Structure formats: C-alpha cells, structure tokens
Amino acid sequence: MVDAFSPISIKRMELGNRFMRSATHDTSADESGAVTDKSISIYRSLGEGDIGLIVSGYAFVSAHGQAFQGQYGAHTDEMLPSLRRMVEAAHSGGGKIALQTVHAGRAGINAPYLKDKGITSLAPSKIKGSRFPHREMTTDEIEAIIKDFGSAAERAREAGFDAVQLHGAHGYLMSQSLSPLTNKRTDIWGGSPENRRRFHIEVVREVRRRVGHDFPLLIKLGIMDDAPGGTTLSEGIDTAREMIAVGVDAIEVSFGIGGDFMQRIVGKEATPDNESPWFRERAAVLRAAVSAPVMVVGGIRSFEMAQTILDAGEADIISMCRPFIREPKIIKRWLVGDRRPARCITCGQCHNLLVGRQDVLDSYCWQEFHSRGIP
Ligand SMILES: Cc1cc2nc3c(=O)[nH]c(=O)nc-3n(C[C@H](O)[C@H](O)[C@H](O)COP(=O)(O)O)c2cc1C
C-alpha cells in the first residue's frame with residue numbers, strides 16, 4: 001500500500017504527495033514566449049492546489065522548435081525574468097514546479113507563423129507527404145539543438161525551477177528521432193535503435209553537464225509508437241534504461257509517434273464509470289524494469305483509480321492534465337476528504353486551447369458543468 005498522500009523524493013526535490021499536473025500548454029504566453037498576467041494567475045492557482053509536482057506547459061528551446069503560438073519560451077536569456085515569474089507564482093502557494101522543455105521538430109503546427117519569421121522547421125529526416133513543411137537537419141544543427149536543450153535547462157535552474165522535464169513524447173523532435181518511422185537517417189543519428197536514441201542520450205548528457213548531478217531531471221517518454229513499424233515497448237524499456245543510466249531521475253509514460261494526439265483527446269468523452277487509463281499496462285512493465293520513479297498519465301479521473309494504480313505498484317506518481325484545467329484545486333479537494341471524481345468529463349474540448357480558442361473552452365466547459373448538474 002502506498003498512500004497517494006505520502007511524500008516522495010526525486011533527488012533533492014521532495015514532493016508532498018503522489019500527484020502531478022502533467023505539462024499543459026495554455027496559449028497564454030506573449031509573442032516573445034514570455035509569461036503574461038494570465039499565465040501567472042494559472043500558476044498561482046495551481047501552486048495553491050497541494051499538487052505534488054506541477055509541470056509547466058512545454059517551453060521551446062530554440063526559435064525553430066516552437067510548436068504553437070502562445071507557447072512559453074526558454075530559448076534565450078531574455079526569457080529568464082519570465083521564467084522566474086512563473087516559478088514565483090507556483091511557489092507562492094507552496095507548489096513545486098518543473099519546466100518542460102521541447103523542440104517541436106517538424107511538428108511546428110504554426111509552420112506559416114514560423115515561415116513569417118523566416119524559420120523552416122527541422123526534422124531528423126524529410127518525410128514525404130507530411131502536412132508540415134520541414135527539412136532534414138544537418139549534423140551541426142543536431143549538435144546545436146542538443147546545446148539548446150542544455151541552455152534551456154540551465155536557465156530553468158537559474159530561474160528557480162525545482163526540476164526540468166524533457167518532452168520526449170507525442171511526435172515532437174525527440175519522438176521523431178527515436179522512431180524508425182520518422183528517422184530515416186543513415187549516419188550515426190539513425191538506423192539501429194542505439195543510433196536512434198543517441199539524440200536522447202546526448203541531450204541528457206548536455207543537460208547534466210549544464211545543471212550538475214543534483215538537479216532533478218525528468219523525461220516524458222513516448223515509451224512506444226502506436227503505428228505499424230514504429231518502436232516497440234521492449235525498445236522503449238531499453239531507451240528508458242539508457243535514460244536512467246545517463247542521468248534521468250524519473251520517467252513519465254506517454255506515447256510516441258502515431259495514435260494521433262487529437263484523436264486521443266477529442267471525442268472520447270468519459271464518465272467516472274468508464275474511466276480507462278491509457279498507459280497503465282505500459283507503465284507497469286516499465287516500473288518492473290527500472291528502479292527510478294515512474295509516472296503514468298492519460299485518462300485518470302478518480303482518487304480511487306489513482307490509489308489502485310499506486311497499490312498495484314504500477315506507478316509511483318499519478319499524472320493528470322485535463323482535470324486541472326477544469327479544477328486546478330482538485331488535489332486539495334481530495335486531500336480534505338471530498339473524494340468525488342474529477343469534474344472534467346474528458347470531453348476533449350480543451351484541445352481548443354491548442355488552437356488558441358480559450359473562448360470556446362470557457363463556454364463549452366461552462367455549459368457542460370451546468371447541464372450535468374455537477375456541483
Ligand atoms: C490543452 C492541452 C495541452 C497540452 N499540453 C501539453 C504539453 O505542453 N506538454 C505535454 O507533454 N503534453 C501536453 N498535453 C498532454 C497532457 O499532458 C496529457 O498527456 C494528456 O492530455 C493525457 O492526460 P489527461 O487524460 O489527464 O488529460 C496537453 C493536453 C491538452 C488537453
């Protein structure tokens with residue numbers, strides 16, 4: 001039995017309980033990638049919510065690695081005051097916060113937006129038929145992006161973040177590098193599983209070089225692809241082991257290439273009665289294979305489910321995203337004894353956040369909230 005409200009430490013970071021707010025892009029950053037007053041109110045509210053660990057919305061490490069407008073930037077020293085404001089907001093209520101860092105690779109959804117800025121998306125290989133304009137990275141560019149991950153992590157530490165989480169999932173650059181479906185390179189960065197995970201290993205080494213050995217480093221890992229010919233679970237476990245060997249302290253289990261993200265989150269409305277966590281089995285296999293803490297995310301909506309997963313030893317930390325959009329203080333509510341499930345009904349309409357439609361989100365969530373009579 002592991003009490004969901006028992007503490008856990010990851011290196012020097014002591015978490016008050018086993019709940020985590022999974023990284024959530026909220027479109028609130030300004031044109032430069034800096035936080036706005038709206039971002040601050042989001043992080044202040046989360047910080048007051050007794051969440052073990054808050055992971056920020058993904059922050060781009062290089063200008064050509066931006067995925068969406070309104071995304072936080074960690075790509076230049078000019079972002080330091082913005083990053084500090086985010087930390088202060090989360091810490092003001094007693095929360096712990098990790099910065100999630102990302103390079104979108106070819107998945108710069110705002111390709112026209114990047115093009116307007118004179119930027120072309122980069123990827124391990126040029127993929128024919130991709131809806132995103134991009135070109136293959138040169139080896140110099142690969143090495144430069146590895147350094148960018150290091151610089152962003154150093155900024156995070158300097159700004160006072162409690163940890164960094166690398167975004168190694170959901171089809172962004174790290175996923176693209178790992179998968180044989182999107183990495184067709186014939187040099188040392190592609191081909192065998194060892195070569196395809198070289199980018200991950202070098203990123204972790206560079207981050208460690210820049211932040212030292214004590215600073216907690218996490219990865220959200222696409223543990224396998226959900227498309228024919230993609231990475232398998234057993235390859236994902238090998239990657240996870242390598243990540244730990246070179247300096248990663250904890251792994252959040254998610255998906256890599258395929259299993260389209262939007263399809264996963266849109267139109268899969270659920271109620272507490274049909275709660276079905278996405279990656280419980282994959283997390284359990286990983287947890288049995290490694291000694292570092294494992295987080296599991298996707299579709300978890302009730303305290304009972306969270307406690308069941310912890311009791312079964314399938315994960316060490318329960319991570320959720322959408323329940324916190326609807327209810328930033330859900331953990332505080334559970335902590336004081338109101339154990340009703342998340343008010344989030346997994347309608348997926350919060351994908352509108354991803355396309356900058358906060359107005360749609362507000363009205364949709366609000367109507368659902370009342371029409372179902374959820375208190
Ligand atoms: C609006 C929105 C924004 C998201 N932003 C991020 C992000 O910045 N980084 C990330 O790794 N995942 C992101 N995700 C994915 C979530 O962290 C999470 O993995 C997924 O939604 C499944 O968890 P859930 O069922 O608890 O929502 C986002 C999801 C949504 C709905």
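Helix α4 passes helix α7 in a right-handed crossing, where right-handed means the near helix is turned clockwise from the far one by less than a right angle, and left-handed means anticlockwise. Helices here are DSSP runs of H or I with at least four residues, numbered from the N terminus.

Before I go on, two notes on the source. This is a predicted model, in which local features need pLDDT of at least 70 and side-chain atom pairs count only at pLDDT 80 or more, while totals for chains, interfaces and linings use all residues. Residues are numbered from 1 along each chain as its sequence is written, and side-chain values use heavy atoms, with hydrogens and water left out.

Back to the first pair. α4 covers residues 139-159 and α7 covers residues 198-211; their axes come within 8 Å and cross at roughly 40 degrees. The axes are lines fitted to C-alpha atoms over the stretch in contact, and angles run from 0 to 180 degrees between N-to-C directions. The two helices are therefore oblique to each other; under 35 degrees counts as roughly parallel, over 145 as roughly antiparallel, 65 to 115 as roughly perpendicular, and the rest as oblique. In contact, meaning heavy atoms within 4.5 Å, are residues including Ile-142, Phe-149 and Arg-157 of α4 and Phe-199, Glu-202 and Val-211 of α7. By class, this contact has 9 nonpolar, 2 polar and 6 charged residues. Nonpolar covers Ala, Val, Leu, Ile, Met, Phe, Trp, Tyr, Cys and Pro; charged covers Asp, Glu, Lys and Arg; the others, Gly among them, are polar.

Next pair. At what angle do α1 and α2 cross? The axes of α1 (residues 37-47) and α2 (residues 80-92) cross at roughly 30 degrees and come within 6 Å. α1 and α2 are therefore roughly parallel to each other. Their crossing is right-handed. Among the residues in contact are Tyr-43 and Gly-47 of α1 and Met-86 and Ala-90 of α2. The contact of α1 with α2 divides into 5 nonpolar, 2 polar and 3 charged residues.

Third pair. α8 (residues 233-246) packs on α10 (residues 280-289) at about 45 degrees, with the axes 10 Å apart. That makes α8 oblique to α10. Here the contact is made by Leu-233, Ile-237, Ala-240 and Arg-241 of α8 with Arg-282, Val-285, Leu-286 and Ala-289 of α10.
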